[in-house]
Protein chains: 2
Amino acid sequence: MDFLRDLPLGYRYAAIYAGIRKQPDNDLALIVPDKTANAAAVFTQNLVQAAPIRLARKYLKSSRGRVAAVLVNAGNANCATRTGDRVASISCKAVAKALKTKTEQVLPASTGVIGVELDGKLITNNIPKLMSLLSREAFEVVARAILTTDTRMKVASEEVRFRAGTIRVAGLTKGSGMIHPNMATTLGFVMTDANVSSKHLHGMLVRASQSTYNSLSVDGDMSTNDMLALLANGASGVEPNEKERRALEVAITQVMENLARQIAADGEGAKKLIVIETTGFETEDHARKVARSVANSPLVKTAVAGSDPNWGRILAAAGYSGVLFDPAKIDIYLQSIHVCHAGLACDFAEQELKQKLDESEVRIRIVLNGRGKAQARFFTCDLTEGYIQINASYRT
Amino acid sequence: MDFLRDLPLGYRYAAIYAGIRKQPDNDLALIVPDKTANAAAVFTQNLVQAAPIRLARKYLKSSRGRVAAVLVNAGNANCATRTGDRVASISCKAVAKALKTKTEQVLPASTGVIGVELDGKLITNNIPKLMSLLSREAFEVVARAILTTDTRMKVASEEVRFRAGTIRVAGLTKGSGMIHPNMATTLGFVMTDANVSSKHLHGMLVRASQSTYNSLSVDGDMSTNDMLALLANGASGVEPNEKERRALEVAITQVMENLARQIAADGEGAKKLIVIETTGFETEDHARKVARSVANSPLVKTAVAGSDPNWGRILAAAGYSGVLFDPAKIDIYLQSIHVCHAGLACDFAEQELKQKLDESEVRIRIVLNGRGKAQARFFTCDLTEGYIQINASYRT
């Protein structure tokens, strides 16, 4: 497989079914760099934070951004649980023991239902087996093991060629409900074989998050377990200089944008990816706020589900974004068809547009014709009956 | 009919089908106080405002809060339309001519689809017929004529007895999508036969809105046409003093709360009214923000739809409300059953609670066990497949 050949060097992966989720799909996964990696991570901004989030934050600080393993479970968020902290820490301890490393170098992450106790033994008893399965080829096995209501695996990769050699970047991530940006969203792990310090990784990750995971919304619900980690193990032997780090950052951003698009496209019940582009605003922050407001409008999202060119809802959602602008200076394009000029209806071929709205990707472009030049892009999905069906009885 | 007997004195109502909406249901309505009333109104905070909103605001200012008629149409929002301002003003002019009053004393309001031109002749040609139909008995006819995707009429009334006589308050309103609070939400008209100045009416309306229409959300989408007006024609002959005005304000607030509950309960596709109560916060604003955050969570709303006691989603939504609190001090009750204590799961009878969640009204109570005493209440509804079905092809 092409994809496997292009993976970053020096990482091994494994996943098994540990009995955490009801259906017998793999639910416990491990990512292990051959040599301890430099790392950075961003976490949910929710006040309610799962035990693994609190612990990962603490460990990353005391290890000064050094990660020897990432341990992920699906099926239980280990959030709002009495035994949460203990379960997370004994799990990390078990991995550290097996790897002969420090506990604080094991990064824990969980996803699944909130408020249900997680049986730590399901994890600790399975660490030896997990260790025995580690292989470079199991990248996609891990990508599948961390999924919850996702309908498909989400992976992406890039490579950058420098004079000194080639650097590879690969990421795996999961959606697909409770997705709303604020710092990292959902679980995502990006690996590179470049040799980069934790400090530089942190800067790259924060900047890359802004236009990718932080410009992504499925349902506006911010999770208690979101985490996005970036690991660099140096296995390529290439230590990029300042200019080369910028090229690496572009590759990392591309991987993350690719993953973010996949999350939006596979949002719970989603049939269509919606890409909202705003341009002509005074600041990027304004442009992003307007795009986000449209992205979070259930009326816009249901209209897209029904291929209904109801641009009035787009204009209305822009109007309550909190950004000040003159509605008479707004133009709107749907699938590149001009539907609203200067805040008013354009003549457009309704049947032709309805057909174009049946496509799997819908582009909404909002142009403010003023003096500003800032722009932004936001990823979301349509809102269908499927979202309701999935979420009306997730827990039971 | 009891309800009709208790209506405020001195108002007449009429509605007809003017051909504005496709299906032949009444879509044009008139409310006329026998003598010009004092009035106050609150409007949408959306930057994108329909022509009737802009005009109503202007008229109310130049008439100094005097209203001789309210003209409402359903089926077309007259928003983002080329001819919008002209259509709204000639419509008011036609009513003013028929009533021999000033145009600025006619309050226009519209609801329906955005961005479709409204044919002014459909309104002006029908004013004589509308005038001929005016009657005290047509209150409910008007209440039905202003509906859009609502499944039922929404009316409420109260009366207050003073030594000097009885004062009556009655209101009619509509939902049921694009409902999100910020000042007034949706269309609502509250009439009283008390003799109260416009200035006092304004204060009462703003205060009463806070805990009623501004504590109401169906889908988080703020409309371009929201308007809530309060009229007082003095027909009861009773001019309440300061203390009596407080009693009148209680009655007005009750009518508005009753209407707000009806809007939430009849939200698009809704099967259940959800009442969220928050208590123990430091300020009312904090309490309301937390309640609103939970009310707007699609995951909470779908869980209620499925009678799934997924309190973790409630805790998570409180956690991203923007209000700072310690999650370990939160207790949650669902239908009065204790489901979360100190941020952790309680032992509760799941099957019993699931049955209770099948009721038509679901109460979510969030208690912060701190030093604060402020509380708030928010009204919303569950999120079902019906919402999607209604909105996926509203326009076409």
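Two strands pair if DSSP finds at least two bridges between them. Helices (H or I, at least four residues) and strands (E, at least two) are DSSP runs, numbered from the N terminus. This is a predicted model, in which local features need pLDDT of at least 70, side-chain atom pairs count only at pLDDT 80 or more, and totals for chains, interfaces and linings use all residues. Residues are numbered from 1 along each chain as its sequence is written, while chains are lettered from A and ligands numbered from 1 in the order in which they are written.

Q: Which residue of strand 13 of chain A stands opposite A:Ile332?
A: Strand 12 (residues 330–334) and strand 13 (residues 337–341) of chain A pair in the antiparallel sense over three bridges. In strand 13 of chain A, the residue opposite A:Ile332 is A:Cys340.

Q: In the hairpin of strand 13 and strand 14 of chain A, which residue takes a positive phi near 50°?
A: Strand 13 of chain A also pairs with strand 14 (residues 344–345) of chain A, in the antiparallel sense and over two bridges. A:His341 has A:Leu344 as its bridge partner in strand 14 of chain A. This hairpin has two residues between the strands, and the residue with the positive phi near 50° is A:Ala342.

Q: How many of the residues of helix 11 of chain A are buried?
A: A residue is buried if 20 or more other C-beta atoms lie within 10 Å of its own, exposed if 12 or fewer, and partly exposed in between, with C-beta atoms placed from the backbone. The cover of the buried residues of helix 11 of chain A includes strand 12 and strand 13 of chain A, together with strand 6 (106–113) of chain B. The buried residues include A:Trp311 and A:Arg313. Helix 11 (residues 311–319) of chain A is mostly covered, and of its nine residues the number buried is nine.

Q: Is A:Ala229 buried or exposed?
A: A:Ala229 is placed in strand 10 (residues 227–232) of chain A. Not counting residues up to four places away in sequence, A:Ala229 touches A:Ala39, A:Ala41, A:Val70, A:Leu107 and A:Phe189 (contact: C-beta atoms, placed from the backbone, within 7 Å). A:Ala229 has 27 C-beta neighbours inside 10 Å, so it counts as buried.

Q: Which residue of strand 10 of chain B is the bridge partner of B:Gly188?
A: In chain B, strand 10 (residues 227–232) has six of its six residues buried. B:Met227, B:Ala229 and B:Leu231 point one way from this strand, and B:Leu228, B:Leu230 and B:Ala232 the other way. Strand 9 (residues 187–192) of chain B pairs with strand 10 of chain B in the parallel sense over six bridges. The partner of B:Gly188 in strand 10 of chain B is B:Leu228.

Q: Which are the edge strands of the open sheet of chain B?
A: An open sheet of six strands in chain B has the order 14-13-12-15-11-16, with mixed pairing. Each edge strand pairs on one side only, and these strands are strand 14 and strand 16 (374–381) of chain B.

Q: At about what angle does helix 11 of chain B run to strand 12 of chain B?
A: Axes are lines fitted to C-alpha atoms, for helices over the stretch in contact, and angles run from 0 to 180 degrees between N-to-C directions. Helix 11 of chain B lies across strand 12 (330–334), strand 13 (337–341) and strand 15 of chain B, and its angle to strand 12 of chain B is about 135°.

Q: Which helix of chain B gives the most residues to the side that touches chain A?
A: The contact takes 50 residues from chain B and 51 residues from chain A. Helix 10 (298–305), helix 11 (311–319), strand 14 (344–345) and helix 13 (385–391) of chain B each supply at least two residues of the chain B side. With seven residues, the element that gives the most is helix 11 of chain B.

Q: By what turn can chain B be laid on chain A?
A: Copies are superposed by least squares on the C-alpha atoms of residues with pLDDT of at least 70 in both. The RMSD is 0.0 Å and the shift along the axis is 0.0 Å, with a turn of 180°. That is the relation of a two-fold axis. B:Glu385 comes closest to this axis among the residues of chain B, at 2.4 Å (C-alpha), and the turn is 180°.

Q: What separation have the centres of domain 1 and domain 2 of chain A?
A: Chain A is divided into domain 1 (3–265) and domain 2 (273–392), with bounds from an automatic or database domain assignment. Taken over C-alpha atoms, the separation of their centres is 32 Å.

Notes
Two residues are in contact if their C-beta atoms, placed from the backbone, lie within 7 Å.
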